[in-house]
Every structure is written in structure tokens, then in C-alpha cells.
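Hi everyone, thanks for coming. Let me put the structure on the screen, and then I'll walk you through it.

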Amino acid sequence: MTSKTITASVYDWVDERLGLSELAAFARHKTVPVHSQSFWYYWGGISLFLFMVQCFTGVLLLVYYRPGADAFESVRQITFVMHFGWLIRSAHSWSANLMMFSILVHMFSVFFMKAYRKPREFGWLSGMALLGLASVFGFSGYLLPMDELSYFATKVGLDIPSAIPWIGPAIANMLRGGPDVSDFTVQRFFALHVVVLPALFVPLLGFHLWLVQRHGNAVPPSEEAKPPSERKSMPFMPNFLRKDLAMWLISLNVLALLASVFPWALGKPFDPLAPAPLGIHPEWYFMSPFEMLKLLGVVLRGEAGEIAGILLFTIGIVLWLLIPFYDTQKESGRRSRAAHYFGLLAVFALLATTAIGYWTIR
Amino acid sequence: MTQETNLSPNIVEEPGEATTRRFFLAAAGAAGLCYAAALAYPVYRYLASPEEMAMEATAVTEVTLKDAEKLPLGSVLMFKFGSAPAMLIHHADGRWISMTAVCTHLGCTVQYEPQADRIHCACHGGVYNPYTGANVSGPPPKPLKLFKVAVNTTGVDVSRA
């Protein structure tokens with residue numbers, strides 16, 4: 001038997017049991033629309049790639065990380081003692097930030113292409129849930145080194161839920177594991193970050209990806225208005241896959257460059273008696289909500305301002321979440337103006353408050 | 001729907017194109033290998049860090065045990081020689097003996113038993129002579145290695161024989 005016939009018979013053996021040829025046939029027939037906005041199709045894939053980087057580097061960090069009282073010391077060891085530990089930690093942090101960025105780009109492109117409309121409502125909702133989980137990933141992971149900045153960021157961050165009337169303080173204490181950020185907090189954030197969140201995120205991601213296979217890529221209304229004969233598409237295998245992988249390679253290069261040229265810093269070990277360091281501010285992806293709450297606090301003083309801020313914020317998020325259910329004009333392919341302007345307003349508000357936030361760091 | 005296909009089967013490859021294609025594939029393969037190596041090397045070194053630290057520790061040739069000269073007769077002090085456990089025995093007759101505490105059979109840590117005047121490995125019942133380190137009975141294939149001992153007023157120096 002030549003090697004070719006051996007390969008063929010092994011393939012047949014597996015195929016008979018797992019149905020590989022059905023999958024191959026599915027992949028052969030899968031196409032991706034080609035139009036002026038096709039570029040935005042890559043951002044979901046980029047987010048997926050960066051999530052895989054997170055899993056890989058996260059497991060490597062887990063090899064030496066010790067939660068609890070030893071947390072800072074173990075991160076110090078990873079960063080300064082273990083060979084290339086600084087690089088792996090830096091890649092994990094940078095990739096987390098890049099992933100947040102690409103998820104946001106993906107979300108806004110879906111929003112403006114109206115890709116949330118029937119039958120893709122579950123795609124939108126699961127995507128928003130994934131964004132929510134990614135933010136909790138970011139927030140919990142930020143505390144794990146237990147340096148000065150992460151200590152204060154968590155302290156301030158957990159003060160926000162404690163402003164919710166009646167149940168707020170109990171929620172905050174439950175998350176903190178006590179009235180103050182301590183070794184207990186880092187221990188439970190660790191459990192959240194490496195067990196609970198991945199256990200929720202991975203199946204949800206599978207669902208999200210399955211929906212994309214089921215419904216295919218959405219096309220923007222301008223494309224939908226064209227007669228089918230004028231629409232173009234390319235085969236997924238190998239044409240789009242090749243481009244997708246090229247985007248992954250570019251992402252890997254950008255990540256490698258950022259992680260090695262700008263290694264992620266490790267601050268001083270946290271000290272519950274030390275004053276907050278000057279210029280302390282939330283991560284960029286939390287800057288906008290933080291600044292919005294701050295601005296509302298200026299308009300409405302005291303507790304009323306905090307509650308109004310949280311309320312307004314919640315309403316905004318709910319409106320954003322429910323967009324597939326009130327922006328449903330699909331048949332005409334015409335843009336629903338109101339939803340479009342709501343999207344522009346959201347982008348403007350995010351950018352403006354982020355800019356103000358950075359501008360006013362003292 | 002029209003399809004934009006790059007590789008339709010009826011395109012005939014020119015002989016020159018085949019060479020270009022082969023060259024491209026070889027270059028892409030080489031680049032892929034470079035990437036794999038650039039990823040694998042830091043990951044390997046990262047995971048191997050403790051091993052390398054242990055290797056540095058085994059380079060140790062002498063250990064000073066502070067205040068060990070006060071060790072009572074008929075007792076043992078366990079300590080680390082480099083990265084491996086070792087023992088310092090102060091025998092009832094006043095002799096000082098030091099040897100590695102790693103059983104030569106399967107690497108368990110052995111135990112000095114003053115009553116039986118022997119060194120015993122609980123894993124598979126190996127027995128060693130507590131003065132010479134010789135393997136007396138049980139599965140151990142080799143004796144325990146002895147260290148040189150120098151007792152002074154501030155402690156005990158143990159060094160490779």
C-alpha cells in the first residue's frame with residue numbers, strides 16, 4: 001500500500017464513523033457575501049482568535065500564579081524570575097485589551113449593518129452576553145496581580161453596585177468577600193476568572209458561532225436592496241478562510257509587537273493604608289461608563305445622582321439590547337433612521353465621555 | 001448569484017507557474033516554521049524555568065548548617081543539599097555521618113531509625129547501613145552517597161566527597 005491509499009483508508013474509516021464528508025460538503029457550499037462593507041466580517045474572527053490567545057496564555061500563567069495572600073509575589077516571580085514570564089503576562093494583558101477592542105468593532109459593525117434583524121436576534125443577544133462576560137473577565141483579571149492600581153480599580157469598581165438601593169451593599173460585599181478588598185477578594189475573583197467565566201463563555205461562544213453557520217453572514221440593507229443577480233459572494237473554503245487566517249496572522253504580529261515593545265507593568269504591592277496613587281483611572285473600556293456616572297454626579301448631587309446614573313445606564317443598555325425587537329423593518333431594506341441615529345449617538349457618547357475621562361485625569 | 005472563484009480547475013498551469021507555486025509553498029512553510037519556533041521557544045523556556053533553577057541548585061558543592069553542632073546524640077537533621085533532601089546523623093557513639101536521603105531504588109525520601117540503627121525506605125522496604133550508606137536489604141540497587149562532614153563551633157559544613 002502506498003501512503004496515499006493508507007491516508008485514504010484512514011479517512012474512510014473515520015468518515016464512516018464521524019461523517020467528515022458531510023462537514024466537508026457543508027464547508028464547500030458555504031459562501032461569504034462580497035461588497036463594499038465586507039471588511040467588517042473579519043472582526044468576529046479576530047475576536048475569536050484573541051480569545052484563543054487568552055486561553056493559551058491564561059493557562060500558561062496559571063502554571064505559576066497563586067491566588068490569595070501570595071498573589072502579588074507569584075506575579076512578581078512570573079514577571080521577573082521565570083524565563084519569558086514577562087512576555088506571556090504582557091501578551092495576556094495586551095490580548096485582553098485588543099479583544100475588547102475587536103469585540104466593540106464587531107458589535108458596532110453588526111449594529112450599523114443591521115445584522116441583528118430577523119432571524120439573527122439570538123446572534124445579537126448572545127453576542128451582547130459575550131461582551132458582558134468579556135467585561136467581567138477584564139474586571140476580575142485586573143485584580144489578580146494585587147498591585148496598587150488593581151487594588152484601587154477594584155475598590156472603586158465595586159463601589160458602583162453598592163450604590164444600588166437596598167440590595168447594593170449586599171451584592172458588593174458578596175463580590176468582595178467582606179467589606180473591603182482583601183485576599184478573600186482575589187481568591188474569589190480568581191475562581192470567577194478561571195472557572196466560572198470560561199464555563200459560561202465557551203458554550204455561549206459555541207452557540208454564537210453555530211448561529212453564524214446556520215444563518216450565514218448578514219448583508220447590509222444597501223446590498224439587500226439589490227436584485228440577487230447583482231450580489232457577489234466568495235466561497236468560504238478556501239478563499240474567505242485564507243483571508244481570515246491572514247487577519248489572524250496580522251493580529252498575532254500586532255500583539256507580539258505590542259507585548260514585547262511595551263511590556264505590561266507591575267506596580268507596587270497593594271497596601272490598604274496607602275493613599276490612592278495620582279492619576280488613577282479605569283481601563284479604557286470602562287472609562288466611558290465611569291465618566292458618565294461622574295458627570296451625572298455633577299448634575300445630580302449625592303445619592304440621587306448615583307441612583308439616577310445607574311438607572312439611566314441600565315435603560316440605555318436595555319434599549320441597546322432590545323434593538324432587534326423594535327427595529328424590524330427588513331422587507332423594504334430601507335434604513336430605519338431612528339435606530340441608525342441611536343447607534344451614532346451611542347458611538348458619540350462613548351467616544352466623548354472616554355475623551356473627557358482621559359482629559360480630566362489629574 | 002455569481003461566484004468569485006480564483007482556482008477554477010480548467011486553468012492550465014504554465015511550467016513556470018508550477019515552479020513559482022512550489023517556491024511560494026516552500027517559503028510559506030519556512031515562515032510557518034519560524035513562527036512555530038518563535039512561539040515554542042519562549043513557552044518551553046517559561047515552563048522549564050523551575051527545572052533550570054533546580055539545575056543551578058545542584059551545582060552546589062557545600063552546605064553550611066548553622067548551629068547543627070548542637071544536634072543531640074542519636075538524632076538526625078534533614079536538610080536540602082542543592083534541590084534534593086539529605087540527612088546529617090549524629091550517632092550515639094558520637095560519629096557524624098551525612099548522606100543523601102534519596103533512595104536509590106525509586107527516589108523516595110528515606111528515614112533514619114535510631115532504635116533499629118538502620119536507614120529505612122518506607123516505599124518498598126529498602127534498608128541501608130547508617131554509617132556507610134551501603135544497601136543492606138530490599139530492592140535498592142546502590143548505596144546512598146556519603147558527604148564529607150566538618151564540625152566546628154558555629155555549625156556543620158557538609159560537602160561533596
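This is a predicted model: local features need pLDDT of at least 70, side-chain atom pairs count only at pLDDT 80 or more; totals for chains, interfaces and linings use all residues.

Residues are numbered from 1 along each chain as its sequence is written, while chains are lettered from A and ligands numbered from 1 in the order in which they are written.

Chain A has 15 helices and two strands; helices (H or I, at least four residues) and strands (E, at least two) are DSSP runs, numbered from the N terminus. Its C-alpha trace spans about 70 × 60 × 35 Å along the principal axes.

Now, which residues have the most contacts inside the largest nonpolar core? They are A:Met99 and A:Met146, in a core of 60 residues. A nonpolar core here is a set of buried Ala, Val, Leu, Ile, Met, Phe, Trp, Tyr and Cys residues joined through C-beta atoms within 7 Å, and buried means 20 or more other C-beta atoms within 10 Å of the residue's own, with C-beta atoms placed from the backbone. α5(A) gives the most to this core, 13 residues.

Over to chain B, with an open antiparallel sheet of six strands, ordered β2-β11-β10-β5-β4-β3; strands pair if DSSP finds at least two bridges between them. At the edges sit β2 (62–66) and β3 (75–81) of chain B, each pairing on one side only.

Definitions and conventions: A residue is buried if 20 or more other C-beta atoms lie within 10 Å of its own, exposed if 12 or fewer, and partly exposed in between; C-beta atoms are placed from the backbone.
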